[in-house]
Amino acid sequence: MFAAFSALSVRGRGAVRIAASALVSGLVAASVVAGAGTAAADARAQSQGGATATIGGLKTYGAAVVHADSGDQEISAGLFEMSVDGGGILQTYCVDIHTPTQRDAKYHETPWSGTSLGTNKNAGKIRWILQNSYPQVNDLAALAAEAGVKGGLSEQDAAAGTQVAIWRYSDGVKVDALDPQAEQLADHLEKKARDTGEPRASLTLDPPAVSGHPGERLGPVTVHTDADSVTVTPPADAATSGVRIVDKDGKTVTSAADGSQVYFEVPEKAAAGQAELTVQASTTVPVGRAFAAESRSQTQILAGSSESTVSATASATWARTGAIPALSAAENCAENGVDITAANEGDEPFTFELLGAEYTIGAGESRTVTVPLQEDQAYDFTIQGPGGFEKRFTGVLDCKTQVTEADEAGAVTHTLSEPTPATVGSASDDTNLAATGGSTMTPLIAGIAIGLVLLGGAFLVVVRKREASARD
């Protein structure tokens with residue numbers, strides 16, 4: 001069951017109380033489940049920078065068969081295509097076979113630590129497969145010769161074989177390609193795969209949040225990127241607030257490169273406030289970068305990228321006295337939760353409460369707090385502080401993918417639906433997007449069903465209480 005979190009009250013300077021909201025009725029539960037994707041899209045989604053894209057569907061694919069105790073299931077296997085915000089096209093494979101792909105889901109470039117890859121000892125082998133197969137290797141004759149495929153490989157065979165090899169490492173499932181040539185490629189890639197490291201992000205800012213006093217340069221914020229240069233955009237209200245983005249010498253910065261350090265220069269007479277800078281570039285996203293969805297939609301891993309728009313943001317908070325918080329968050333699959341990092345450059349402590357536990361960040365200190373969540377749980381954190389400070393973090397924790405024996409026996413499942421049979425070569429968008437599971441209606445139907453069950457249970461409780469009162 002999903003839980004939502006929000007700021008309930010502010011106690012004293014810099015204090016915030018955060019608590020899990022109670023389940024009011026089955027109808028409320030249904031709206032949370034069915035609307036989790038919408039809520040995440042409405043708020044500013046968690047992203048540590050890089051490419052943001054919308055998934056389109058399977059573009060080059062063949063067929064595969066998943067073998068389970070309950071029987072065999074035929075599904076589509078191959079390359080997805082994503083459209084990048086601001087321009088660009090990404091090609092991806094799935095690393096989350098038992099989760100359906102939601103139509104037009106929004107995805108963000110994500111560190112492995114924020115996905116199932118972060119706890120998967122074979123994640124490096126998946127990246128090796130990506131680097132040594134289609135589409136990175138687009139000479140299909142050479143790829144077929146390397147894999148010993150005598151009949152040659154079509155694009156569909158190459159995509160299906162590559163996806164099947166990836167699934168064997170990403171999901172731990174028994175899966176075979178339907179086409180013999182694709183199956184031979186899958187076996188070759190699985191056997192040859194070697195451990196490789198996680199690729200660096202296309203663009204990030206570190207740290208993503210800073211704080212300090214008016215009259216100071218707040219930072220530094222360091223640019224990390226594979227692009228030759230990035231464009232630096234100052235805060236939207238820079239003309240009126242007087243906040244500038246500068247280098248260590250106080251010179252205005254409009255562009256930067258990998259390793260550059262920038263600062264927020266805040267006027268000495270500025271009132272307490274916040275500002276945000278944006279950096280943007282055009283580059284190819286490194287193969288092997290993970291892409292996680294804002295809603296519950298299967299995690300993807302990058303196989304190829306055109307020249308694409310990437311961006312990142314960093315925020316600054318300032319005040320003359322009191323607590324001056326700087327907050328950022330990142331999903332942490334190793335700890336099954338969300339890490340909230342709080343820094344305080346003020347002269348008073350910053351105190352907040354998470355799930356009944358109170359945390360205090362002393363003046364000049366920084367601390368990371370892990371908020372534990374259940375798998376597939378939607379979260380919505382709003383943290384408030386002095387001087388109108390407010391920070392919101394939203395998303396869905398999606399850390400698990402590998403199937404356990406209990407899953408196969410039907411006792412436990414982490415999916416919204418079972419894999420759906422796919423007809424190879426079908427032009428149906430629904431077939432493409434539902435390559436490994438249900439359609440966009442699945443969460444809505446599930447949410448309504450859960451809501452009705454819980455609502456019925458609540459009704460019975462009320463009736464029994466009234467009957468007990470009548471007897472008394």
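## Helix 4

Helix 4 is made up of 16 residues and reaches 22 Å from its first C-alpha to its last, close to the 22 Å expected at 1.5 Å a residue. The model described here is predicted. Gly172, which follows helix 4, has a positive phi, near 65°.

## Helix 4 against helix 2

Helix 2 covers residues 123–131, and its axis comes within 9 Å of the axis of helix 4. The two axes cross at roughly 170°. Helix 2 is therefore roughly antiparallel to helix 4, since angles over 145 degrees are counted that way.

On the helix 2 side, the residues in this contact are Lys125, Ile126, Ile129 and Leu130. They meet Thr162, Ala165, Ile166, Tyr169 and Ser170 in helix 4. By residue type, the contact divides into six nonpolar, two polar and one charged.

Side chains of opposite charge can pair when their charged atoms come close. The model has 16 salt bridges. One of them pairs Arg168 with Asp187, with the closest N and O atoms 2.8 Å apart. This pair links distant parts of the chain: Arg168 is in helix 4 (residues 155–170) and Asp187 is in helix 5 (residues 180–192), 19 residues apart. Arg168 is buried, at a relative accessible area of 13%, whereas Asp187 is partly exposed, at 37%.

Arg168 also meets Glu190 in a salt bridge, at 2.8 Å from N to O. Here too the partners come from distant parts of the chain, with Arg168 in helix 4 and Glu190 in helix 5, 22 residues apart. Glu190 is partly exposed, and its relative accessible area is 30%.

## A buried pair and a network

Another salt bridge joins Asp376 and Arg296, whose closest N and O atoms are 2.6 Å apart. Asp376 lies in the loop between strand 23 (365–372) and strand 24 (378–384). Arg296 lies in the loop between strand 16 (290–293) and strand 17 (300–305), and the two residues are 80 residues apart. Both Asp376 and Arg296 are buried.

Through shared partners, salt bridges join Arg168, Asp176, Glu183, Asp187 and Glu190 into one network.

## The chain as a whole

The protein chain contains nine helices and 25 strands. It has 472 residues, of which 51% count as buried. Among contacts between residues at least 6 apart in sequence, 70% join residues at least 24 apart.

## Ala53 in strand 3

Ala53 has its place in strand 3 (residues 52–68). Its relative accessible area is 0%, so Ala53 counts as buried. Ala53 and Val84 are 31 residues apart in sequence, yet their C-alpha atoms are 4.1 Å apart in space.

## Cis peptide bonds

Asp206 and Pro207 are joined by a cis peptide bond, with omega about -5°. Pro207 sits in the loop between strand 8 (203–206) and strand 9 (209–212).

The peptide bond from Gly219 to Pro220 is also cis, and its omega is near 5°. Pro220 is placed in strand 10 (residues 217–225).

## Positive phi outside glycine

Asp104 is not a glycine, but its phi is positive, at about 60°. Asp104 is found in the loop between strand 5 (89–94) and strand 6 (106–110). With a relative accessibility of 52%, Asp104 counts as exposed, because the cut-off for exposed is over 50%.

Asn336 likewise has a positive phi, near 50°, in a residue other than glycine. Asn336 belongs to the loop between strand 19 (325–332) and strand 20 (337–344). Asn336 is partly exposed, with a relative accessible area of 33%.

Technical notes: Residues numbered from 1 in each chain as written. Heavy atoms only, no water. Salt bridge = Lys/Arg side-chain N within 4 Å of Asp/Glu carboxyl O. Helix = DSSP H or I, 4+ residues; strand = E, 2+ residues; numbered from the N terminus. Buried < 20%, exposed > 50% of the residue type's maximum accessible area, 1.4 Å probe, protein only. Expected span 1.5 Å × (residues − 1). Axes fitted to C-alpha atoms, helices over the stretch in contact; angles between N-to-C directions. Parallel < 35°, antiparallel > 145°, perpendicular 65-115°, else oblique. Contact = heavy atoms within 4.5 Å. Nonpolar A, V, L, I, M, F, W, Y, C, P; charged D, E, K, R; others polar.
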